[in-house]
Amino acid sequence: MNTFDFLLQGLAIAAQPINLFYALIGVTLGTLVGVLPGIGPALTVALLLPVTYQLDPAGSLIMFAGIYYGGMYGGSTTSILLNTPGESASIVTALEGNKMARAGRGGPALATAAIGSFVAGLLATISLAFIAPYVVQFALSFGPREYFALMVLAFVTVSAAFGDSTLRGLTALFIGLAFSIVGIDQLTGQTRLSFGVPDLLDGLEVTTLAVAMFAIGETLYVAAQGARAPEKVEAVKGSLWMNKTDWKRSWKPWLRGTAIGFPIGAMPAGGADVSSFLSYSAEKHFTKHPEEFGKGAIEGVAGPEAANNASAAGTLVPLLTLGLPTTATAAIMLAGFQQFGLQPGPLLFATNPQLVWGLIASLLIANFMLLVLNLPLIGLWVRLLTIPKPWLYAGILVFATLGTIGANPSVFELGLLLTFGVLGYVMRVFGYPIAPVIVGLILGPMAEQQLRRALSISQGDATVLFTSPIAAVLLALAAIALFVPMFLRARGRGQVLAQVAGSED
């Protein structure tokens, strides 16, 4: 069967009423959390992990993907009207979008963001459907050496890409790896780091850790900030629709943003943040109206919004084909797969193709749903910005606690939820990223298993890891991903210090 046949089968699965319902819930929740400042798709998916434990795997994963796409859509609303990005990928949108809103052109800014997101999401999802089978064919040749090297690449890129410090990212990763060895060793049957506690013999629950560090930790962090001055929401004046000139100036940035965002999202060290900044730089280079940049250029909204939505689809390429998460939300989605006993990767396409292609096809439907939800209901999304933060985060705290108890009714599990929540808060305070902890806990056991297999085959010869061309290339990429960000950050600090010294002279 070719890709068209698989995609048609997937559309038949995604068009089932129950799956359409899950997709609608996902895109609605995703848009909602994207609009609300400080709450991203990763936090929402983490909150829903324990709630969906007893649900249908396909429907739950379709809902998670809808949340991811919806979060990318909704982030533009807050950026444009409040100058406060709902999630990090929408930072660039605020540069030009809020200027347009202040000039009375908030409607066209929101429209080009929504339509650009739709165009990019549609093209990128189709690209995902056609590229994924080729990546799967390549990955089927992987042995234990290649899989271990791939895990090392995942560890390094996630640690180096999140946060402002590679050292802090690696520290967070090793915390996650330490958590991953708690419980009974699968090879020897010996207990490790259980401290005589029977509840720890099965290891730490990824769901509990994710909910605690993303939801509880974030709630405690926001509460510790204290009261803040109310933020001003720019009113949407005039028509919501774009005029002929707006369309003419937007369609090329939409296509360029898609071309930039999708491949970067698929890279291990990519992500929506990088692609949106690159798209903004590209639009400043290609624009015929350079004088408008910094004052409200519509290209500066159209391009980055297309790029960050295309990047979301690109992120699913390594996640579905290799089991490699490159963003915090992808890491939580990986935990969602695992709670249903599924492991993303090339074998998933062979053993459960209906689920994979149903998930990919549901993204096409979700894009149409998001276009319908965003423009006509803009007034509703703006009203959400007036919800008091104490109410919002108190609700998150209650929901996280009840969800964890519902999935695992244990006093010990509730204690772990609180303990990890405090750890998440402390890490946020000192600038340590959360995502590497989750990735370490999820991928740690798999990396250990593949390393042991590789060493067993080679009778303990560690050089076997470098004799495979694919493994050697992956390890070399991991080294580059580790040292290049450190070099760039050191160079950036040096330039800042030079500027400061020059200004003092």
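The lining of the second largest pocket draws at least two residues from each of α3 (41-51), α8 (166-180), β1 (183-184), α9 (206-224), α13 (328-339), α17 (389-407), α18 (411-429) and α19 (435-457). Helices here are DSSP runs of H or I with at least four residues, strands are runs of E with at least two, and both are numbered from the N terminus. A pocket is an open set of points on a 1 Å grid over the protein atoms alone, where a 1.4 Å probe fits and protein lies on both sides within 12 Å along at least five of seven lines; its lining residues have an atom within 4 Å of a point.

The model before you is predicted, with pLDDT of at least 70 needed for local features and 80 or more for side-chain atom pairs, while totals for chains, interfaces and linings use all residues. Residues are numbered from 1 along each chain as its sequence is written, and side-chain values use heavy atoms, leaving out hydrogens and water.

To return to the pocket, α19 provides the largest share of its lining, nine residues. The pocket has a volume of about 1100 Å³, meaning the space filled by probe spheres set on grid points joined across faces, edges and corners. Of its 44 lining residues, Q186, D202, G203, L204 and P445 are the closest to the centre. By class, the lining has 21 nonpolar, 14 polar and nine charged residues.

I turn now to the protein as a whole. Its secondary structure consists of 21 helices and two strands. Of the 505 residues, 55% are buried, that is, under 20% relative accessible area with a 1.4 Å probe, counting protein chains only. Among contacts (heavy atoms within 4.5 Å) with a separation of 6 or more, 78% join residues 24 or more positions apart.

Next, the interior. A nonpolar core is a set of buried Ala, Val, Leu, Ile, Met, Phe, Trp, Tyr and Cys residues joined through side-chain atoms within 4.5 Å. The largest such core has 135 residues, and I332 and L443 have the most contacts inside it. Helix α6 (residues 106-139) gives the most to this core, 13 residues. A second, separate core of nine residues includes L81, A101, L110 and A113.

Which helix holds N19? N19 lies in helix α2 (residues 17-35). Is N19 buried or exposed? N19 counts as buried because its relative accessibility is 4%. Beyond its neighbours within four places in sequence, N19 contacts I13, A14, D56, G59 and I62.

Notes: Buried means under 20% relative accessible area, exposed over 50%, partly exposed in between (1.4 Å probe, protein chains only). Ala, Val, Leu, Ile, Met, Phe, Trp, Tyr, Cys and Pro count as nonpolar, Asp, Glu, Lys and Arg as charged, and the others, Gly among them, as polar.
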